[in-house]
Amino acid sequence: MIDILNSIKSDSISKINELDSLHELDQLKSFLLGKKSPLMDVLKDIPKIPLEKRPVIGKEANQLKQELTKRLNKKRDELINKERDDFLNQNQADVTLPTSGFPSGSYHPITIVTRYVCSILNRYGYAIKQGPNIETDFNNFEALNIGPNHPARDMHDTFYLKNKTVLRTHTSPVQIRTMLEQEPPIKIIAPGKVYRCDADTSHSPVFHQVEGLCVDKHITFSDLKGTLEAFLHELFGDEHAIRFRSSYFPFTEPSVEVDVSYTINGKTTWLEIMGAGMVQRNVFRQVSYDPDSYTGFAFGLGIERIAMILYKIDNIRLFYENDHRFLTQF
Ligand code: PHE
C-alpha cells in the first residue's frame with residue numbers, strides 16, 4: 001500500500017510540475033483528487049487491509065491528499081501570475097512604433113487676417129506700432145478732439161475704469177502716442193484689441209482694429225483715397241466693389257466711411273469696414289504739431305468685418321466661441 005501511495009505521490013508531483021495552464025490544472029485536480037482518482041481508490045480500500053495497518057496507511061493517504069492540494073493551490077497562484085504577465089507582455093504598447101501623427105495647431109482667422117492686412121501696409125512703408133489696451137481719457141478721447149461733453153462719447157459705448165482711464169474704444173489713441181513721441185514724417189499702423197459695451201451678430205464687446213496714420217508735408221485727400229483703394233484692391237481682389245461715403249469723426253475732417261460689397265446666402269449688401277479722413281487741425285494742436293505745416297490722413301479698419309467678408313462668415317460670435325469645428329477650417 002505504501003508503495004502505491006509513493007508512486008501516486010511521485011507521479012502526481014511530476015504532473016503538477018508540468019502544468020502549463022489553469023484549464024489543465026482544473027482537469028488534473030479532479031484526476032488526482034476526484035472520486036475516481038487512484039488516491040481515492042486507496043482510501044476506499046482501507047477497510048480491506050488489516051486493522052493494525054489502517055492508521056498508518058490512512059495517515060499517509062490523508063497527508064498525501066493535503067500535500068497534493070497544497071501543491072495544486074501553489075501552482076494555481078503561479079499560473080494566475082504567469083497568465084497576467086503574459087497578457088500584459090503581449091498587449092504592451094510598443095513605444096518604438098511611429099505614431100499616427102499629432103493634430104497640429106493653426107492660427108486663428110483674426111490673427112491670419114491681421115497679419116495679412118499688416119503685411120500689405122508694411123510693404124507700403126507703414127511701421128507697426130502698439131499701444132496699451134487700458135488708455136487714458138486724454139489719448140482715447142480728448143486729444144482726438146472728443147471733449148468731455150462731446151456726443152461722440154455716447155457712440156463709443158465706453159467701459160470706464162478708475163482714474164480717468166478706459167478700455168480703449170478704438171486704436172486711434174496710438175496715433176496720439178506716436179505723434180507725442182516723434183516728429184513727422186510718420187507712417188504707422190497699429191493693430192490691436194478694442195472694447196465697446198455692445199453685442200449682436202455683427203458687434204462684439206471685444207474686437208480688433210488696425211489703425212493707420214500718415215503725416216507729412218503736403219499729404220492730401222488724394223493720397224488717402226489712392227492708398228486705401230490700392231490696399232483694398234489687394235486685400236479683396238476684383239470680386240468686391242468698394243465705396244467711399246462721406247461721414248463724420250471728431251478727429252478727421254473731411255471724413256469718410258468705406259464700405260465693401262459682399263454676397264452671402266445669395267444676397268448682396270454693403271458692409272462698413274473702416275473709417276478714415278484727414279487729420280483734424282485740433283488733433284495736431286494737441287500733440288504740438290503745427291497744423292499749417294503738416295497734413296495727414298488716418299484710417300481705422302475692423303478686422304472682424306474684413307474676415308467676415310473674406311471667409312463668408314455671417315456671425316461675428318463664431319470668432320470667439322473657439323468651436324474646434326470652426327477653427328480647424330482655417
Ligand atoms: N477710430 C474710428 C472708429 O473706431 C475709425 C477711424 C480711425 C476714423 C481713423 C477715422 C480715422 O470708429
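## The second largest pocket

In this predicted model, the lining of the second largest pocket comprises four nonpolar, nine polar and two charged residues. The space in this pocket amounts to about 220 Å³. Its lining is formed by 15 residues, of which Thr-114, Pro-191, Gly-192, Lys-193 and His-208 are the closest to the centre.

Three elements, helix H5 (109–123), strand E4 (186–195) and strand E5, each contribute at least two residues to the lining of the second largest pocket.

## The largest pocket

The largest pocket holds about 730 Å³ of space. It is lined by 36 residues, and those closest to its centre are Arg-196, Phe-207, Gln-209, Phe-249 and Glu-272. By class, the lining of the largest pocket consists of 15 nonpolar, 13 polar and eight charged residues.

Several elements each provide at least two residues of this lining. Among them are the strands E5 (206–216), E6 (242–249), E7 (252–264), E8 (267–279) and E9 (295–302). Helix H7 (152–155) and helix H11 (303–311) also belong to this group.

Ser-255 is located in strand E7. With a relative accessible area of 5%, Ser-255 is buried, because residues under 20% are placed in that class.

A polar atom of the Ser-255 side chain lies 3.2 Å from the backbone nitrogen of Phe-249. Phe-249 is also one of the residues closest to the centre of the largest pocket. When neighbours within four places in sequence are set aside, Ser-255 is in contact with Arg-245, Ser-246, Ser-247, Tyr-248, Phe-249, Ala-276 and Gly-277.

## Aromatic pairs

The model contains nine aromatic pairs. In one of them, the ring centres of Tyr-311 and Phe-330 are 4.7 Å apart and the planes stand at 75 degrees, so the pair is edge-to-face. Tyr-311 belongs to helix H11, whereas Phe-330 lies in the segment after helix H12 (324–327); the pair therefore ties together parts that are 19 residues apart in sequence. Both residues are partly exposed: Tyr-311 has a relative accessible area of 33%, and Phe-330 has one of 24%.

Phe-330 also pairs with Phe-326; the centres of these rings are 5.1 Å apart and their planes are at 70 degrees, so this pair is edge-to-face. Phe-326 counts as buried, at 8% relative accessibility. Ring pairs join Tyr-311, Phe-319, Tyr-320, Phe-326 and Phe-330 into a cluster.

Conventions: Residues numbered from 1 in each chain as written. Predicted model: local features only at pLDDT ≥ 70, side-chain atom pairs only at ≥ 80, totals over all residues. Heavy atoms only, no water. 1 Å grid on protein atoms, 1.4 Å probe; cavity = no way out; pocket = protein on both sides within 12 Å on 5 of 7 lines; lining within 4 Å. Points joined across faces, edges and corners; volume = space filled by probe spheres on them. Helix = DSSP H or I, 4+ residues; strand = E, 2+ residues; numbered from the N terminus. Nonpolar A, V, L, I, M, F, W, Y, C, P; charged D, E, K, R; others polar. Buried < 20%, exposed > 50% of the residue type's maximum accessible area, 1.4 Å probe, protein only. Polar contact = N/O pair within 3.5 Å; in protein donor to acceptor, adjacent residues only side chain to side chain. Contact = heavy atoms within 4.5 Å. Phe/Tyr/Trp six-rings, centres within 6.5 Å; stacked < 30°, edge-to-face > 60°.
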